[in-house]
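Here is a short briefing on a structure. Look at it first, then work through the points.

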Amino acid sequence: MRRSSAVILVSASTVTLGAGWLLGSGEAFPRGDAPTVAPTATPGRSADETGSATSDPSEPPGPVVVDGAIVDTKYGTVQVQVVIEADVIVDVVALKLTDSSETSVEVSARAAPILREEILAAQSSVVENVSGATYTSEAYRTSVQAALDAVGFEG
Amino acid sequence: MAVHVFDAMGTTVSIRTVDDSTVPGAGLARTLDEVRACFERLEQACSLYRPDSELSRVARGELSVRDASRVVRDAYAAALDWRTRTMGTFTPHRPDGVVDLSGLVKAEAIAGAGDVLRSAGISSFAVNAGGDVLTSGAPGGGYWTTGISDPADRTRLLAGVRSGPAPGAVATSGSSERGAHIWTAPAPPEGRRPADVVVQATVLADDIVTADVLATAIVAGGRAALDHATDTAPIGVLAVFADGDLAANARLRRRIVR
């Protein structure tokens, strides 16, 4: 993965853009305590514009992913990740944002869609316990857990 | 591996111990009695299925929570604290105003059972009460594996997750079975899109109370409660939505058995 100083500057700029977007000001360079950064290779691009950017098929290198610096603003800690393809920002991913109560949250902690096929590997023969919605003693008798417990008695 | 099974709180409790050899025979029997007592104590105080429980007397207006025993007051205080931490999604109050602590006391009993087992010198065990699982240590230096039930077919598993050797908890709440203690405080599911309604939530946490309460809150509050829970607590989550879609976060994915 290629990391150049120009790319780092791009990411630093995007941190500020991200911060401005977060504060709801709509300004690329918010006033106040927001950090100031050096001008960059791709000025004037906002987080909104980058989503639809496409890569030039004549450019062979794959995307470069760079994590921006963790920036403390008076509203909380902000960090974004930028994906750069052929010197164009194609995606901006928020890694750390401030929530409505102005505390910093890890965006990556959130649940994202997952396919059944991705997780379905375990069969009941390899588990000791089953976690499910609370069953009654009645329902227990016909549950997988009861079968596992019966095997445990023998073993 | 030994398995001990008994009924408590309207459900069935299974306890697995890896090595009982350090506990003399009478000691093990006494330890299991103490474990049962953890469930019985909380049930006798807080069950709304028992007319003579303290909470049933509170429900009938014969006793105020303030004058109730410490067991009830502590559980009520803990439930109010969780109500704050879940932005009101988890609540100890039924829509009719009755104080209902059933969403909390089973997990507290499981936690108490774990304390009893550790105090007796049993370091590797798993306690499963009605589908909520607390593990400690691990069998054979490996890990405990807990299957997550498929809400569409409870004879099948959606996934298996590992825990151990550090204490770990896996709790699942759902709207399918005995979910009567889940009150949807702020917004009824009818007002939400199926893609935002969670029919089953499994939460991995370091302790069983956190896992159980947040699983309950996520089912009650849907996608918004799911995001709030993962934003504010270090938990792993697998959610099943009403439209059949699944969502999981990185903390849970890392623990999936491949």
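Helix α3 (residues 70–85) of chain B has 16 residues, and at 1.5 Å a residue it should span 22 Å. Its end C-alpha atoms are 22 Å apart, which agrees. The expected span is 1.5 Å times one less than the number of residues. Helices here are DSSP runs of H or I with at least four residues, strands are runs of E with at least two, and both are numbered from the N terminus.

This is a predicted model: local features need pLDDT of at least 70, side-chain atom pairs count only at pLDDT 80 or more, and totals for chains, interfaces and linings use all residues. Residues are numbered from 1 along each chain as its sequence is written, while chains are lettered from A and ligands numbered from 1 in the order in which they are written.

- V72(B), A75(B), Y76(B), A79(B) and W82(B) are buried in α3(B). Buried means that 20 or more other C-beta atoms lie within 10 Å of the residue's own; exposed means 12 or fewer, partly exposed is in between, and C-beta atoms are placed from the backbone.
- An α-helix has 3.6 residues a turn, so residues three or four places apart point the same way.
- Exposed R70(B), A77(B), D81(B) and T84(B) sit on the face turned away from the buried side of α3(B).

**Nonpolar cores**
- The largest nonpolar core holds 80 residues. Such a core is a set of buried Ala, Val, Leu, Ile, Met, Phe, Trp, Tyr and Cys residues joined through C-beta atoms within 7 Å.
- V203(B), A211(B), I218(B), V237(B) and A239(B) touch the most other members.
- Helix α5 (residues 208–232) of chain B gives this core its largest share, 13 residues.
- A second, separate core has 5 residues, including V66(A) and I89(A).

**Chain B overall**
- Chain B has 6 helices and 10 strands.
- Of its 258 residues, 52% count as buried.
- The C-alpha atoms of chain B fill a box of roughly 55 × 50 × 30 Å, taken along the principal axes.

**Chain A overall**
- Chain A has 5 helices and 7 strands.
- Its pattern along the sequence is α-α-β-β-β-β-β-β-α-β-α-α.
- Of the 155 residues in chain A, 27% are buried.
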